[in-house]
There are 2 protein chains.
Amino acid sequence: MTSNKLLPALALAILSFTTLAADPVGNGPLRGTGDLGIAVERAKGSLQWLDTTKMTSLGRIEGLGDLSHASAVFSRDERYAYVFGRDGGLTKVDLLTGTIARRVMQSGNSIGGAISQDGRFIAAANYTPGGVKIFDSDSLDLVADIPTGSKVIGLEDIPGNRFGFSLWDKDEIWIADLSGDPKNPRLTKFTNIGHQPYDALVSPDGRWYVAGLYGEDGIAVLDTWNLEAGVKRALPDYGRGEEKLPVYKMPHLETWAMVGNLAFIPGVGHHEVVIVDTATWTQAGVIPVAGQPVFVMAQPDGRRLWVNFAFPNYDTVQVIDVPSQRVVHTMKPGVAVLHMEFAPRGEAVWLSVRDGNRLEVYDTASFRKLAELPADAPSGIFFTARAHRFGL
Amino acid sequence: MTSNKLLPALALAILSFTTLAADPVGNGPLRGTGDLGIAVERAKGSLQWLDTTKMTSLGRIEGLGDLSHASAVFSRDERYAYVFGRDGGLTKVDLLTGTIARRVMQSGNSIGGAISQDGRFIAAANYTPGGVKIFDSDSLDLVADIPTGSKVIGLEDIPGNRFGFSLWDKDEIWIADLSGDPKNPRLTKFTNIGHQPYDALVSPDGRWYVAGLYGEDGIAVLDTWNLEAGVKRALPDYGRGEEKLPVYKMPHLETWAMVGNLAFIPGVGHHEVVIVDTATWTQAGVIPVAGQPVFVMAQPDGRRLWVNFAFPNYDTVQVIDVPSQRVVHTMKPGVAVLHMEFAPRGEAVWLSVRDGNRLEVYDTASFRKLAELPADAPSGIFFTARAHRFGL
């Protein structure tokens with residue numbers, strides 16, 4: 001185990017950075033921002049501030065409120081993280097100074113958000129009161145308020161400076177188009193898309209908006225290149241099924257693998273990854289795995305999938321080889337692996353091990369552990385390279 | 001036309017930045033680096049230093065030698081550009097200070113290069129003497145020298161900290177693997193891959209290395225997930241053909257569009273874009289266009305292709321709608337449009353208009369011109385978001 005050797009190096013790295021600390025008005029030691037990131041410390045309401053090149057922590061950033069189930073997006077220049085807290089707080093964090101640049105309490109209860117294609121607007125999805133709020137990404141001033149009369153989930157950016165989101169209580173998907181007057185987004189509404197959409201994703205090219213359904217089996221698929229065609233239902237057997245299997249955690253749909261026309265998504269309640277033919281939106285097979293998948297994430301090269309699991313298999317990570325559709329590696333980093341994030345070009349993957357109070361970094365080719373970093377009950381890990389991608 | 005209005009704003013932007021200039025030891029005004037870029041001024045041996053958010057120039061960076069046919073790659077942190085000059089110069093440019101951080105004359109005549117997946121190594125492809133040199137990306141110290149006895153073209157990064165390149169004089173493709181000992185790259189050589197490979201590309205997922213052939217029709221395709229299968233020949237009718245059509249400029253293969261299993265590549269000598277089914281590597285159709293295509297570049301969302309042309313149609317740009325495979329827009333920015341580069345998430349595209357001595361920026365949705373910037377006979381445009389992608 002390499003952890004004991006790594007810790008002194010980490011402490012030194014933090015110390016040497018502190019001595020070079022930037023002043024709050026914006027001058028300081030210069031550095032690029034393409035290799036930065038954060039890991040959420042949910043209990044403390046703080047972030048670990050990460051350097052993905054040196055695989056070190058640059059320090060802790062505190063004062064972000066309730067970060068249970070928090071997520072983050074990044075500014076177009078990769079300098080700022082926008083963190084959506086469960087308590088409705090929206091915090092703009094400066095990754096060059098390790099400080100909070102701005103913070104607003106934008107609602108009573110938030111579930112996530114997105115940044116527009118051009119980087120000018122932040123959209124937050126809210127439970128209480130239900131709706132979407134649009135903020136200026138520079139000032140965090142409110143630009144537009146879109147009440148929905150429903151909890152909003154699955155808020156994603158879509159090309160054309162649009163946002164897509166789903167209404168849990170109304171079984172609807174809405175598209176808000178900010179390409180005209182951002183203060184008055186043009187809304188397109190799709191009704192009866194399926195019962196209780198609980199999460200959604202956008203394909204890596206930004207074309208397909210797909211919502212998972214909690215209230216029934218199947219998924220809702222919207223082709224954002226052709227809104228006139230409406231929302232289609234697909235995968236009628238995908239979901240909890242007739243037998244109402246015990247589902248320990250509904251899987252996240254945030255990320256999927258696409259190789260040619262195939263997508264790989266977590267099974268619900270089943271110990272399997274589901275293969276979907278996206279040309280026809282039909283099931284093309286399943287891959288047996290060690291538990292109920294939570295995230296099925298593709299390496300940036302699409303060659304392997306990394307899968308974590310719900311209780312009781314939440315100490316385990318499995319790696320699937322895409323060409324052969326087989327599990328090629330199983331490891332048990334500890335209780336509980338909550339999230340995974342790849343280096344921008346995928347040579348390494350970072351895992352959060354919640355009860356182990358640490359982040360672990362692995363070489364994706366050899367599965368060798370490269371680093372361990374202390375972190376307080378870490379959950380989500382987010383790197384600045386997301387700024388340049390759709391739906392992240 | 002908006003150019004007259006834009007110029008004063010540009011001058012002001014340059015002035016205000018200059019007053020905040022960084023000191024050379026690395027302190028200065030803080031800024032993110034995810035929205036920076038460069039445009040090559042080939043005659044002057046200089047770069048325009050670009051801000052893609054404000055759509056302005058931050059100044060000119062001089063002293064890079066012979067930049068005819070120059071290209072660039074970016075450091076993992078998106079702070080530095082590595083510019084490969086035709087005279088064999090390799091220049092590391094600091095995009096936070098607008099200065100040259102390091103410069104080495106690494107050969108007599110270079111044609112381009114790449115940066116390794118992990119960002120630690122720069123590889124330069126050389127004509128004179130023929131071979132590849134590997135440099136430390138921090139110091140530019142030589143790490144490895146790979147003589148080939150041939151001009152080297154199509155040097156591309158491949159996942160697994162590998163580089164692929166082609167030997168013009170020997171009809172070979174080599175893979176250099178730096179994942180073990182970088183000072184002694186492990187070489188895999190493929191012979192008789194086709195006559196006179198003249199350019200190559202790597203697919204966006206990093207899997208396929210494809211070389212175009214000058215000496216005969218067809219292309220050479222290598223599946224880097226399965227090197228044992230060797231190089232396959234494909235598209236037997238792709239090339240100059242029996243009739244030896246006049247070819248004003250061999251097309252670049254650097255970038256292609258993939259939608260599902262389709263790729264779109266420039267025809268050789270013909271006024272057409274060729275559609276390729278990458279599941280079988282066979283031709284699936286052609287799209288007629290205004291001239292001999294040079295670059296066929298996909299928007300990051302894959303929905304449209306932007307095409308520029310060889311003489312005598314080099315004043316023209318056409319836009320193809322991917323779903324309908326039809327030209328939907330034609331414009332004539334001026335003589336001669338040499339290169340195009342998309343904003344990271346594709347809301348804008350930048351064009352270099354060589355004889356017009358300007359860069360132009362267009363909204364990709366509306367085709368509205370957003371900005372014009374003066375530049376001295378500009379050619380290649382390169383943005384830092386390339387740091388996070390394969391084969392760019």
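In which loop of chain A is A:T33 found? In this predicted model, in which local features need pLDDT of at least 70, side-chain atom pairs count only at pLDDT 80 or more and totals for chains, interfaces and linings use all residues, side-chain values use heavy atoms, with hydrogens and water left out. Residues are numbered from 1 along each chain as its sequence is written, while chains are lettered from A and ligands numbered from 1 in the order in which they are written.

A:T33 is found in the loop that runs between β1 (27–29) and β2 (36–41) of chain A, where strands (E, at least two residues) and helices (H or I, at least four) are DSSP runs numbered from the N terminus. With a relative accessibility of 0%, A:T33 counts as buried, on a scale in which buried means under 20% relative accessible area, exposed over 50% and partly exposed in between (1.4 Å probe, protein chains only). A polar atom of the A:T33 side chain lies 3.0 Å from the backbone nitrogen of B:T33. Apart from its neighbours within four places in sequence, A:T33 is in contact with A:D77, A:E78, A:R79, A:L96 and A:T384, and also with B:R31, B:G32, B:T33, B:G34 and B:D77, contact being taken as heavy atoms within 4.5 Å.

The relation between the chains was examined next. Two copies of a chain are related by a rotation about an axis and a shift along it. Here chain A is superposed on chain B by a rotation of 180° with 0.0 Å of shift along its axis, at an RMSD of 0.0 Å, the superposition being by least squares on the C-alpha atoms of residues with pLDDT of at least 70 in both copies. That is the relation of a two-fold axis. The same surface serves both copies, since 100% of the contact residues of chain A recur in chain B.

A:R345 lies in the loop between β29 and β30 (348–353) of chain A, and B:D157 in strand β13 (residues 152–158) of chain B, so the pair joins two chains; both A:R345 and B:D157 are buried. Within chain B, the side chains of B:D94 and B:R79 meet in a salt bridge at 2.8 Å, N to O. Because B:D94 lies in strand β7 (residues 89–94) and B:R79 in the loop between β5 (71–74) and β6 (80–84), this pair ties together parts that are 15 residues apart in sequence, and B:D94 and B:R79 are both buried. A further salt bridge is made by the side chains of B:R386 and B:E341, at 2.7 Å, N to O. This pair links distant parts of the chain, with B:R386 in the segment after β33 (378–383) of chain B and B:E341 in strand β29 (residues 337–342) of chain B, 45 residues apart. B:R386 counts as buried at 6% relative accessibility, and B:E341 is likewise buried, with a relative accessible area of 6%. In chain A, salt bridges that share partners join A:R358, A:E360, A:K369 and A:E372 into one network.

A:W306 lies in strand β26 (residues 304–309) and A:F342 in strand β29 (residues 337–342) of chain A, so the pair ties together parts that are 36 residues apart in sequence. Both A:W306 and A:F342 are buried. The rings of A:F311 and A:Y314 have their centres 5.7 Å apart and their planes at 80°, so this pair is also edge-to-face; A:F311 is partly exposed, with a relative accessible area of 46%, and A:Y314 counts as partly exposed at 23%. One aromatic cluster is formed by A:W306, A:F342 and A:F367.

How values were computed
Polar contact = N/O pair within 3.5 Å; in protein donor to acceptor, adjacent residues only side chain to side chain. Phe/Tyr/Trp six-rings, centres within 6.5 Å; stacked < 30°, edge-to-face > 60°. Salt bridge = Lys/Arg side-chain N within 4 Å of Asp/Glu carboxyl O.
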